[in-house]
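Student: How do I read packing features in a model like this one? Please take me through them one at a time.

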Amino acid sequence: MKVVLTTTYGKITLQLDAEKAPITTENFAQYVKDGHFDGTIFHRVISNFMIQGGGFSEDMQQKPTRGTIQNEAGNGLSNKAGTIAMARTPDPHSASAQFFINVADNHFLDKERSQDGWGYAVFGAVSDGMDVVEKIRNVATGNSGGHQDVPVEPVLIESAELIED
């Protein structure tokens, strides 16, 4: 299945891997179906690392989420440039709605190389729109609402649409 994120910078198409990350894919797809990502922003952008979104509204208010999911890192998928993974807190099983798109090879986030022995679960990759990801990774950032690396001009996810294939 695919998800198309329509952003203020263009469209990003994500090819999800339900075979290797079934729990994570189903969780993400349900958030898409529920309209959760519509009107959220990429709230954390680190140009040599990743772009993160899915959790905050344009005014930096955190959106409510469903429960957390089991960490599926160690599924054979690596945090390489162009992949999408779940964001989480130090608790390895704390992922809910926030995700990030790797803009560099971040193998230190893989289960096998991670400091905490868990890593960050990759569940798909950008299949179209990497040029949009590149534009987003290069936006100016600053501090906002107690957060660092926040785009100075909001990068809005206008809509997220599920495409079954």
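Student: Are Phe28 and Phe123 buried or exposed?

Tutor: Start with the term: buried is under 20% relative accessible area, exposed is over 50%, and partly exposed is in between (1.4 Å probe, protein chains only). Here Phe28 is buried, and Phe123 is buried too. The model is predicted, so local features need pLDDT of at least 70 and side-chain atom pairs count only at pLDDT 80 or more, while totals for chains, interfaces and linings use all residues. Residues are numbered from 1 along each chain as its sequence is written, and side-chain values use heavy atoms, with hydrogens and water left out.

Student: How many aromatic pairs does the structure hold?

Tutor: Rings of Phe, Tyr and Trp (its six-membered ring) pair if their centres lie within 6.5 Å; planes under 30 degrees apart are stacked, over 60 edge-to-face, the rest tilted. There are eight aromatic pairs in the structure. Phe28 and Phe123 make up one that is tilted, at 5.1 Å centre to centre with 55 degrees between the planes.

Student: Which parts of the chain does that pair link?

Tutor: Helices (H or I, at least four residues) and strands (E, at least two) are DSSP runs, numbered from the N terminus. Phe28 sits in helix H1 and Phe123 in strand E7 (residues 122–128), so named by those runs. The pair links distant parts of the chain, 95 residues apart.

Student: Why is the pair of Phe42 and Phe99 edge-to-face?

Tutor: Their ring centres are 6.0 Å apart and their planes stand at 85 degrees, so the pair is edge-to-face. Phe42 is in strand E3 (residues 40–46) and Phe99 in strand E6 (residues 99–102), so the pair ties together parts 57 residues apart in sequence. Phe42 is buried at 0% relative accessibility. Phe99 is buried as well, with a relative accessible area of 0%.

Student: Which residues do ring pairs link into a cluster?

Tutor: The cluster joins Phe28, Tyr31, Phe37, Phe42, Phe99 and Phe123. Look at Phe37 next. The loop between H1 and E3 holds Phe37, and its relative accessible area of 0% makes it buried. A contact means heavy atoms within 4.5 Å. Beyond residues up to four places away in sequence, Phe37 touches Phe28, Tyr31, Val32, Gly54, Ala97, Phe99, Ile157 and Ala160.

Student: How many residues has the largest nonpolar core?

Tutor: The general idea first: in soluble globular proteins, nonpolar side chains tend to be buried together. A nonpolar core is a set of buried Ala, Val, Leu, Ile, Met, Phe, Trp, Tyr and Cys residues joined through side-chain atoms within 4.5 Å. The largest core has 32 residues, and those with the most contacts inside it are Leu5, Ile12, Leu14, Phe28, Phe37, Phe42 and Phe99. Helix H1 (residues 22–33) supplies the largest share, four residues. Apart from this core lies another, of eight residues, including Ile46, Ala85, Ala87 and Phe100.

Student: Which charged end sits over the ring of Trp118?

Tutor: A charge sits over a ring if NZ of Lys or CZ of Arg is within 6 Å of the ring centre and within 35 degrees of the ring normal. For Trp118, the charged end is that of Lys111, 4.4 Å from the ring centre. Arg66 lies over the face of Tyr31, 3.8 Å from the ring centre.

Student: What does the side chain of Asn75 reach?

Tutor: A polar contact is a pair of N or O atoms within 3.5 Å; within protein, one must be able to donate a hydrogen and the other to accept it, and residues adjacent in sequence count only if both atoms are side-chain atoms. The Asn75 side chain reaches the backbone oxygen of Glu72 at 3.1 Å. The backbone oxygen of Val122 is also reached, at 3.1 Å. Asn75 is in the loop between strand E4 (50–57) and E5 and is buried, at 15% relative accessible area.

Student: Where is the place of Gln98?

Tutor: Gln98 is in the loop between strand E5 (83–86) and E6. Its relative accessible area is 16%, which is buried. The side chain of Gln98 makes a polar contact with the side chain of His43, at 3.3 Å.

Student: Which phi value does Met60 have?

Tutor: Met60 has a positive phi of about 65 degrees, although it is not a glycine. Met60 lies in the loop between E4 and E5 and is buried at 11% relative accessibility. Asp149, also not a glycine, has a positive phi near 60 degrees. Asp149 belongs to strand E9 (residues 147–151) and is partly exposed at 26% relative accessibility.
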